[in-house]
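Open the structure in a viewer with selection by residue number. The stops below go from the whole chain to single residues.

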Amino acid sequence: MLKETHRITVLTGAGISAESGLETFRGKSGIWNQMKPEELASMDGFMANPGLVWEWYRYRRTILATAQPNPAHHALAEWSKLCKDFTLVTQNVDGLHQVAGQRAVLELHGNIRLNRCLRCGKEEDAELLASHDGIPYCQCGGQLRPSVVWFGEELPRKVLDEAIRASDSCQLFLVIGTSAEVYPAAHLPEIAREHGAATLEINVEQTRFSSQATVSILGLASQAVPAVLQTWKSLNLQ
Ligand SMILES: [Zn+2]
């Protein structure tokens with residue numbers, strides 16, 4: 001499955017970031033857990049109370065300020081430099097793949113490290129540790145929002161199209177740290193499989209995809225991904 005495999009596409013999700021200490025969405029406890037997801041992460045919620053939504057995203061950025069990529073992120077970044085045709089698609093918004101040195105990440109749900117202007121659409125880097133409270137504004141006077149995909153919003157079309165292209169042309173598709181249950185991301189491994197690619201899943205528990213995968217590894221991404229990369233290197237870099 002790994003020998004003479006030079007077109008590889010990877011889909012990552014929350015599981016890979018969990019090992020960097022980032023809880024899934026609202027975590028298990030605390031004040032944010034008592035809010036409805038739509039209050040914190042939808043345009044309606046933002047329109048109703050932008051101050052609250054910004055407080056929530058500032059809180060998440062504060063956590064992100066000290067989060068570091070783990071061995072799984074680093075192994076994927078290394079792999080992308082060794083492999084001719086390597087595409088990384090992620091459902092995560094934390095940007096840890098890029099921190100690990102990964103280039104050209106296809107971010108299906110945007111990036112929490114960026115702000116986007118509601119008026120002119122310009123994107124800019126955000127400070128992870130904000131120097132002031134309240135609602136930030138663009139130079140044009142428009143309100144800024146975090147550049148992530150909220151509930152009820154479409155995934156960025158161009159990113160999704162590229163992800164689909166990379167899925168239907170790869171030889172190997174890896175699913176890492178995601179149950180791949182939410183469409184349209186869930187389509188990607190299916191597309192790869194239908195086009196004859198082998199599929200390898202790495203998750204801490206069985207998922208809907210496990211029974212369809214060519215190989216399913218139950219374990220931590222931080223251990224399994226470096227091990228799979230090591231095997232790929234021994235078979236392909238001679
Ligand atoms: Zn603007």
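Buried residues, those under 20% relative accessible area, make up 49% of the 238 residues in the protein; exposed means over 50% and partly exposed lies in between, with a 1.4 Å probe and protein chains only. This is a predicted model, in which local features need pLDDT of at least 70 and side-chain atom pairs count only at pLDDT 80 or more, while totals for chains, interfaces and linings use all residues. Residues are numbered from 1 along each chain as its sequence is written, and side-chain values use heavy atoms, with hydrogens and water left out.

**Whole chain.** Colour by secondary structure: there are nine helices and nine strands, taken as DSSP runs (helices H or I, at least four residues; strands E, at least two) and numbered from the N terminus. The radius of gyration, taken over C-alpha atoms, is 18 Å, close to the 18 Å of the globule rule (2.2 Å times the number of residues to the power 0.38), so the protein is as compact as a globular protein of that length. Along the principal axes, the C-alpha atoms fill a box of roughly 55 × 35 × 30 Å. Contact means heavy atoms within 4.5 Å; among contacts between residues at least 6 apart in sequence, 65% join residues at least 24 apart.

**Zinc site.** Select the zinc ion next. Which residues coordinate the zinc ion? The SG atoms of Cys117, Cys120, Cys138 and Cys140 do, at 2.3 to 2.4 Å; donors are N, O and S atoms within 2.8 Å of the metal (3.2 Å for Na, K and Ca), and sites may look incomplete since water is not among the atoms. The donor atoms subtend angles of 99 to 119°, which makes the arrangement tetrahedral, a label that requires all angles of four donors to lie between 85 and 135 degrees. The donor spacing in sequence is C-x2-C-x17-C-x1-C. Cysteine 117 in strand β4 (residues 110-117) and cysteine 140 in the loop between β5 (123-125) and β6 (144-148) are 23 residues apart. Cysteine 117 is buried at 4% relative accessibility, whereas cysteine 140 is partly exposed at 34% and cysteine 120 is partly exposed at 46%.

**Nonpolar cores.** A nonpolar core is a set of buried Ala, Val, Leu, Ile, Met, Phe, Trp, Tyr and Cys residues joined through side-chain atoms within 4.5 Å. Select Ile8, Leu76, Trp79 and Ile176, which touch the most other members of the largest core, a set of 24 residues. At least two residues each come from β1 (7-12), α5 (71-82), β2 (85-90), β7 (172-176), β8 (198-203) and α9 (221-236), and α9 gives the most, with six. Another core of 21 residues lies apart from it, including Trp56, Tyr57, Val93 and Val148.

**Helix α8.** Go to residues 187-194, where Leu188, Pro189, Glu190, Ile191 and Ala192 are buried. These buried residues pack against β1, β2, α7 (157-168), β7 and β8. Glycine 196 follows α8 and has a positive phi, near 90°.

**Backbone stops.** In the loop between β7 and α8, select proline 184; a cis peptide bond joins tyrosine 183 to proline 184, with omega about 5°. Alanine 180 is in the loop between β7 and α8, with a positive phi near 45°, and is buried at 1% relative accessibility. Finish at glutamate 4, in the segment before β1: its phi is positive, near 50°, and glutamate 4 is exposed at 57% relative accessibility.

Methods
Four donors count as tetrahedral if all angles lie between 85 and 135 degrees; four count as square planar and six as octahedral if opposite donors are over 155 degrees apart and all others between 65 and 115; anything else is irregular.
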